[in-house]
Amino acid sequence: GVIVNKARTYNEMETTLNVGAANFYKTNVDDNPITSQDETNIQSGITNLIIGAVNNTDSFANIDEGSRTGGGVTSGSNFAQANANSNVTLNIDAGDKLHVNTLELYATNNETIKAIANGTNGSLVNVSPYAAKVENNITATTNLNVVGNIETEDYFIAQALGKTTANLKADAMNASVVGGSGTAVDSVITTTSNVNIGNGTKQANITTGGDTVVEAENTINLNRADGFDKMVLGNGYGGVTASVAHIDNTVNSNAKVNLNSTNILSAGEVDLIAHTNEDLRVNSYVYSTGVLNDSNNQVTNKVNNNENIVLNNIKIRLTDAESDLTISAADDLKLFTYSLSETRIAVLGVTTSFVDNNLNRNNKISLTGDSDIFSMQDINLFAGKLVDGNLAKFDLDAEATAFNGSIIPIPINPKVTNNISQSNSVEIGSGSESTSVRHTNIYADKGLEISRIGAGAYNNYSSSQK
C-alpha cells in the first residue's frame, strides 16, 4: 500500500476596522483653568492622525518522513500543504468634516509562507506517485474605502499595501532498483489591493495643505530566501528509474485605485499610484543514474498583473505653481526560472527539459464620466512608468538545459516557450478634461525590458546551444 504523509497549515484571517464620523481636537491648556467654553469650542487642525488595519501571518509547513511497508517494498509520499486566505478592510467615513494636521490611512496585509517537503525512500521497489510535493495556495485581499469630507493642514496619505512572501521546496532523493521519483510544486498566489475614494453613493471631498498620496501596492517575493534557490530537486538511482519533476506556478496581482464622485483640492503634489513589484525565482533540477533511466522536467509559470486607476466623475485641482499631478499604473516583474535535467550514466535514457512562461502585464489609466483634472504645473499620465518617472522593468531570465550521458541517447531538445502579453493604455473619455499650465506628459508603453533566454542539449557525442 501507499503511505501518504502530510504537513498542513490553514490560515483564515479577517481584519475589518470601521471608523465613522468623528471630531479630533485639543483644547488650549495654560495657567488658567479650562472653561466649559474651551471644551465645547473644538479646535481643528492640530492632530497628526494615523489609522491603520493590519494583518501579519507567518506559517511553516514541513514534512520529512520515510515510509515503509513489508516485503521489501517502500511506498511513501510526503506532502507539504500551505493554505492562507486573508482579508483586511479599513472603512473611513469622515462625515461632514475631519480636520487634522496630517492624516495617514493604511490597510496592510502581510502573508509569509514557508513549505518544505522532503522525500527519502530506499528499497527494492518504490511505487509512490510523489516522493515529495508542495501544494501552496495564498489569497490576500486588502481594501481601503474612504468617504466624507477631509481637511488637512499638511499631507494626506491613503494606502492599501499587500505583501506576500513564499519560500517553497520539494526535495526527493530516491534509491531503488525498479522505481519512480516524482517531485513537484503546485503554487497559486493571488494578491489584490484596492483603494476606493468615494463610491458613487457617498462623495469624498479632500482638501490638503500639503501633498496627497493615494496608493495600491502589491509586493510578491517567491523563493528569494537563502536555501531556496531550487524549488524542486528530483533524483533517481538504480537499475530502472524515472525521475519526473514539475513546477506549476501561478501568480496573480491586482492593484487598483478607484476615485468615484471625488473632489481633491491640494496645495502640494498629488500622486495616484497602482503598482506591483515581483521578484520570483522558480527553478527545477533533476538528476538520474540507472541502466534504463529517464529524466523529465517541466516548469510552467503563469503571471497575471493588472494595475488599474479609474477616475470617474471626479475633480482634482492643484493650486501650487511648483507641484505636479502624477497618475501611475505600472508593474516591475523579475522572473528567474530554469529547468535542468541530467541523465548521467545509462544504457538507454530519455532526458527532457521544458520551460513554459505565460506572462500578462496590464497597466491602465481611465478618466471617465464628467472628470476634470487641473495642475498649475505638470500633469503626468504614466501607464508603464513609475511615479518618479523611471521606466517600469520587466526582467526575464529563462533557461532549459538537458544533459544525456546514455550510451544510446534519445535526443529530445530542451525548449523554452514564452507567451508574453503587454497592454499599457491611457484613456480620456469624451466627457473628461485634463488641463495643465505647463506640460501634460502621457506615457503608455511596456517600460524597460531585459531578457535572457537559452536552451542547451548535451550528450556523450555532441552538444548544442539553441
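Reader: What makes the pairing of Lys230 and Asp229 a salt bridge?

Author: In this predicted model, the side chains of Lys230 and Asp229 meet with N and O 3.4 Å apart, and because the rule asks for a side-chain nitrogen of Lys or Arg within 4 Å of a carboxyl oxygen of Asp or Glu, the pair qualifies as a salt bridge.

Reader: Why is Lys230 called partly exposed?

Author: Its relative accessible area is 22%, and since buried means under 20% and exposed over 50%, Lys230 falls in between and therefore counts as partly exposed. Asp229, with a relative accessible area of 34%, is placed in that category by the cut-offs too.

Reader: How do you know that Asp248 and Lys302 tie together parts that are apart in sequence?

Author: Their side chains meet in a salt bridge at 2.7 Å, N to O. Asp248 lies in strand E12 (residues 232–260) and Lys302 in strand E14 (residues 270–312), so the pair links parts that are 54 residues apart in sequence. Asp248 is partly exposed at 31% relative accessibility, and Lys302 is partly exposed at 29%.

Reader: Which residues do salt bridges that share partners join into one network?

Author: Lys133, Glu135 and Asp186 are joined in this way, and by the salt-bridge rule the count comes to 13.

Conventions. Residues are numbered from 1 along each chain as its sequence is written. This is a predicted model: local features need pLDDT of at least 70, side-chain atom pairs count only at pLDDT 80 or more; totals for chains, interfaces and linings use all residues. Side-chain values use heavy atoms; hydrogens and water are left out. Buried means under 20% relative accessible area, exposed over 50%, partly exposed in between (1.4 Å probe, protein chains only). Helices (H or I, at least four residues) and strands (E, at least two) are DSSP runs, numbered from the N terminus.
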